[in-house]
Structures are given as C-alpha cells and as structure tokens.
Amino acid sequence: MVTAVRHVAPQAGTPETLAFPPLFLWGTATAAYQIEGAAAVDGRTPSIWDTYCRTPGRVRNGDTGDVATDHYHRWREDVAMMADLGVGAYRFSLAWPRIQPTGRGPSVQKGLDFYRRLTDELLEKNIKPVATLYHWDLPQELEDAGGWPERVTADRFAEYASLAAEALGDRVHTWTTLNEPWCSSFLGYGSGVHAPGRTDPVAALRAAHHLNLGHGKAVQALRASLPSRAQISVTLNFHHVRPLSEQAQDVDAARRIDALANRVFTGPMLKGAYPDDLFQDTARLTDWSFVRDGDVQEIHQPLDFLGVNYYSPTLVSGDAPESSHGSDGHGNSAHSPWPGAKDVAFHLTPGPTTAMGWSVDPTGLNELLLRLDADFPGLPLMITENGAAFDDYVNPQGEVNDPDRIAYLEGHLAAVHRAIAAGVDVRGYFLWSLLDNFEWGYGYSRRFGAVYVDYPTGKRIPKASAHWYGKVARSGVLHTSTESVD
Ligand code: FCB
C-alpha cells in the first residue's frame with residue numbers, strides 16, 4: 001500500500017460519538033498455538049512451532065506453547081468471559097496437528113471433539129465461531145517432507161481443509177484459509193525469525209506461491225462440502241507502505257515492499273495474476289518456474305470478504321547499504337525477509353510506539369481500508385486483527401489498568417468508522433487478542449490481551465480495556481475522548 005508520507009500529530013478536540021452499522025460484528029481473536037497448550041494431549045503431534053521453540057536461542061527465554069494459557073482445558077471459562085464482555089464473534093484457529101496429526105490421513109476424533117465442544121458453547125452463548133484453518137502450526141512431518149516451499153504441502157492443506165469442513169461445517173459459519181501468509185513465507189523461510197527458521201530467499205518465494213496455491217485449493221475444498229451460507233475468506237497482514245520522501249529511490253522502495261508484502265498475495269488471490277514488477281524485482285533470484293500453468297486460475301477463487309490485519313504502517317527509504325536491511329519490526333535476524341530488497345531501510349513513524357516497538361498510527365488503517373476498497377471494489381472487508389502490546393501489570397488492588405491500549409483501540413476504531421462513513425464496506429472488527437498469550441519469537445514477554453493472564457496460576461483478569469471494549473461492542477457506539485484525525 002504505497003502512499004505519500006504524512007505525519008499526523010494527535011489533536012485535542014471535541015469528543016465524538018460514532019455509531020457503527022447495526023450488523024457490524026464485534027469480536028476478539030486468538031490462535032491455537034498461542035493459547036491452547038496441551039501440546040501432547042489427545043493425539044496432537046508436534047508442529048513446526050513446537051520444534052522451533054525447542055531450538056536454543058530461537059524464542060525469548062526459551063518459552064514454548066506447551067502450556068500457554070491452557071485454553072485447551074479452560075475453554076469454557078474463556079467463552080464465558082467473552083459472553084460477559086458481550087462480543088458477538090470469536091476468531092480462533094484450528095490446530096492442524098491436533099485434527100490431522102502428521103498432516104496426512106484420517107482425522108482424530110478427540111481433536112475434532114475439542115473444537116465441537118468449543119463451537120457448541122460459543123453458539124450457545126450467541127457468539128459466532130470464525131475459524132482459521134492455518135495460523136502457522138504446520139505439522140512437523142510436513143516440514144520434514146519439504147514444508148511450504150514444496151508444492152505437495154498445498155495438496156495436503158486442501159485435504160486437511162476438507163476434513164475440517166466435513167466435521168465442523170454445520171457449526172462454523174465463517175472460515176479463513178490462511179492467517180498472514182507473508183509471515184509464514186518470509187519470516188519462516190526468509191529471515192528465519194519464525195518457524196521453521198530457514199533463511200533462504202528462494203524458499204521464501206516458493207513458500208509464498210504454495211501458500212497461495214494451498215489457499216485456492218482449500219477454498220475449493222471448503223466450497224465442496226460446506227453449506228452455501230458459509231462465508232470463506234483469507235486474512236492478510238497488509239503492510240501500509242509509505243515512502244520516506246518523494247524521491248524516486250524511496251518511492252521505488254515502497255513499490256517493491258508493497259509487491260513483496262501485499263501484491264504477491266492479492267495479485268493471484270484477488271486479481272488472478274502475479275504482478276509483473278514482483279517477477280522483475282526478484283529475477284536475479286528465481287525465474288518463478290515453480291508457478292505452473294493453471295496455478296493462478298486455481299488460486300483466484302471468489303471470496304466472501306477479505307480479512308485485514310493491521311497494527312502499524314511501514315515507512316521505507318531506498319538508501320540502506322547492501323549489507324543491512326534495517327529493522328522492520330519483525331525481530332532480529334542477519335537475514336532479510338525481503339528477497340531482492342536489501343537496500344530498503346525501515347523507519348519508525350514519528351510518535352508513540354507500543355511494547356513491540358511498532359508505531360501507533362491509526363491514519364494508516366484508514367488509508368489502507370480506502371485503498372483496499374479502491375483496489376478491490378465490491379469485496380467486503382473485515383478487520384480480523386488489530387491491537388497492541390503494552391507492559392501491563394496487576395496493581396495492588398488486583399486490577400490491570402491499560403490506558404495506552406484503550407487509546408490505541410479508540411484511535412483505530414475511529415479510523416475504521418471514518419472508512420465506513422466514506423463508503424467502505426467494513427463488516428466487523430476483531431481485537432487481538434482476547435487473552436495475553438504466546439507471542440511467537442517474543443514468547444510470553446509481550447502482552448496483547450484484553451484479558452491479563454497470570455501464567456503461573458492461569459488466572460484471568462479482564463483489563464480496563466476489556467471492560468471498555470465490551471461497552472463499545474454491546475452498544476455499537478464509540479465515544480472518543482478527542483476528535484479523531486485523518
Ligand atoms: C499477528 C499474528 C498474531 C499475533 C499478532 C500480534 O502477526 O497473526 O498471531 O501474534 O500479530
């Protein structure tokens with residue numbers, strides 16, 4: 001998403017009352033490996049994240065998802081908490097190695113039963129289940145057979161999608177194929193800061209294509225067994241890319257990052273073609289002959305909406321020395337997650353940052369939604385993740401006050417509202433995350449939850465932001481403390 005750089009200073013002004021459309025979906029989001037725990041229970045086999053966590057030096061403090069928030073055992077309490085908040089939808093992911101251990105063959109009843117119980121309870125409490133098939137936990141055996149850089153993984157994924165749809169199609173209303181395939185490809189196989197931790201730029205590009213192909217095949221598999229009312233989507237982590245200046249090299253850097261982060265997925269998925277400039281920019285690395293005739297048609301499937309994850313904008317210039325790639329906020333690695341773009345430097349947008357070191361800038365979300373609406377007219381949008389990590393703690397009164405998170409959410413919800421007012425069809429918003437959880441390479445050191453988790457005991461304490469968000473969700477009305485800007 002390339003736009004001219006614009007720095008917006010927060011303004012004091014009149015508070016606003018912003019009403020969202022009556023059918024707007026208010027939800028919270030999580031992912032299996034980040035919350036479930038019970039890593040070796042009921043037949044689950046290791047995923048690439050179990051292996052990665054066990055590799056010394058990969059995850060902060062040597063943390064693993066073995067126990068996480070123990071949601072596998074505390075799911076009833078977690079659903080009750082959502083019902084108390086008053087949210088109308090819950091986005092969670094299915095653990096592939098729990099449903100189809102080793103990534104091949106028949107499904108495991110106990111694994112499916114867990115999701116049956118969870119979804120029954122959600123429906124009972126009037127909370128719509130929104131299930132993601134793949135939130136990064138590839139069965140380790142499939143990685144051992146080559147992982148996403150190999151074409152066969154796309155076929156395996158479609159088989160797993162069929163199993164999940166057959167078992168849960170009567171109760172899951174909204175399906176998402178992949179969560180953030182950019183992270184799976186470029187952090188997993190490029191910079192290696194995510195599992196499986198490989199650092200091969202060509203493997204990263206191959207992975208991106210096979211994730212695209214897996215998406216297309218999975219959409220077809222889902223449509224084949226789901227009732228016609230089922231909603232099918234994909235979630236992408238759009239990089240809203242801004243050039244640092246209007247100089248040609250910065251504008252070109254933004255174009256290249258836009259291709260590698262966004263259009264590598266939206267091209268085939270939504271337009272039916274890979275962008276030519278992506279092929280040209282990476283021609284020194286690969287001729288893309290792994291894209292076979294007919295692949296792009298298979299990837300280009302009709303979707304009911306597009307899932308948008310947004311945290312922060314991306315500010316780039318084209319002047320990094322060849323030897324470095326700057327910090328792009330996605331962990332430290334000597335290897336770039338941007339194949340063929342080592343001369344691109346990443347900058348912080350002036351203003352506040354979160355505990356992740358990510359710039360807080362709601363204008364990026366507003367601009368992103370406007371651009372997506374212009375690029376893909378008629379395709380409804382859903383904010384499937386938005387939120388922030390801060391250094392939360394329990395005060396002596398036993399409460400967790402997180403005004404920074406409330407301010408972040410308020411600013412971003414106002415940005416969504418402005419997009420809706422401008423005519424963009426945004427159907428809902430999912431706060432990342434319901435609970436504090438395992439934040440990938442950062443382990444438990446980063447807290448994104450609306451609900452605080454005391455890891456030694458597993459105790460849940462709704463933060464001030466949870467109460468605040470619950471009020472917004474129940475009323476569908478956002479009262480801002482200052483006039484929003486864009
Ligand atoms: C996204 C992931 C999600 C979570 C948030 C903070 O990239 O989809 O699992 O880690 O970032």
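This is a predicted model: local features need pLDDT of at least 70, side-chain atom pairs count only at pLDDT 80 or more; totals for chains, interfaces and linings use all residues.
1. **Ligand shell.** The ligand is surrounded by Gln 34, His 135, Trp 136, Asn 179, Glu 180, Tyr 311, Glu 385, Trp 432, Glu 439, Trp 440 and Phe 448. By class, this shell has 5 nonpolar, 3 polar and 3 charged residues.

2. Which side chains place an N or O atom by a ligand oxygen? Glu 439 does, at 2.7 Å. His 135 has a polar side-chain atom 2.8 Å from an oxygen atom of the ligand. For Asn 179, the distance from a side-chain N or O atom to a ligand oxygen is 2.9 Å. As for cover, the ligand taken alone exposes 290 Å², and the protein buries 95% of that.

3. Where does the ligand sit? The space it takes is the largest pocket.

4. **Cavities.** The model has 3 cavities of 30 Å³ or more. The largest cavity holds about 50 Å³ of space.

5. **Lining of the largest cavity.** The lining consists of Ile 48, Trp 49, Tyr 134, Trp 136, Trp 148, Cys 183, Ser 184, Tyr 189, His 194, Ala 195 and Pro 196. By class, 9 are nonpolar and 2 are polar, with no charged residues. Trp 136 is on this list and also belongs to the ligand shell.

6. **Helices at the cavity.** α2 (48-53) and α8 (181-191) each supply at least two residues of the lining. Which helix gives the most? α8 does, with 3 residues.

7. **Cis bond at Pro 196.** The peptide bond from Ala 195 to Pro 196 is cis, with omega near 10°. Pro 196 sits in the loop between α8 and α9 (201-225). Both residues of this bond, Ala 195 and Pro 196, line the largest cavity.

8. **Cis bond at Ser 433.** Trp 432 and Ser 433 are also joined by a cis peptide bond, with omega about 10°. Ser 433 lies in the loop between β12 (426-432) and β13 (451-454). Trp 432 is one of the residues around the ligand.

9. **Positive phi at Asn 61.** Asn 61 is not a glycine, yet its phi is positive, near 60°. This residue lies in the loop between α2 and α3 (71-85).

10. **Why check these backbone spots?** Most residues other than glycine have a negative phi, and most peptide bonds are trans. The places to look at are the Ala 195 to Pro 196 bond, the Trp 432 to Ser 433 bond and Asn 61.

Terms used. Residues are numbered from 1 along each chain as its sequence is written. Side-chain values use heavy atoms; hydrogens and water are left out. A residue is near a molecule or strand if one of its heavy atoms lies within 4 Å of it. A polar contact is a pair of N or O atoms within 3.5 Å; within protein, one must be able to donate a hydrogen and the other to accept it, and residues adjacent in sequence count only if both atoms are side-chain atoms. Accessible areas come from the Shrake-Rupley method with a 1.4 Å probe; for residues, only the protein chains shown count as cover. On a 1 Å grid over the protein atoms alone, a cavity is a set of points where a 1.4 Å probe fits but cannot get out, and a pocket is an open set with protein on both sides within 12 Å along at least five of seven lines; lining residues have an atom within 4 Å of a point. A molecule sits in a cavity or pocket if more than half of its atoms lie within 2 Å of its grid points. Ala, Val, Leu, Ile, Met, Phe, Trp, Tyr, Cys and Pro count as nonpolar, Asp, Glu, Lys and Arg as charged, and the others, Gly among them, as polar. Grid points are joined across faces, edges and corners, and a volume is the space filled by probe spheres set on the points. Helices (H or I, at least four residues) and strands (E, at least two) are DSSP runs, numbered from the N terminus.
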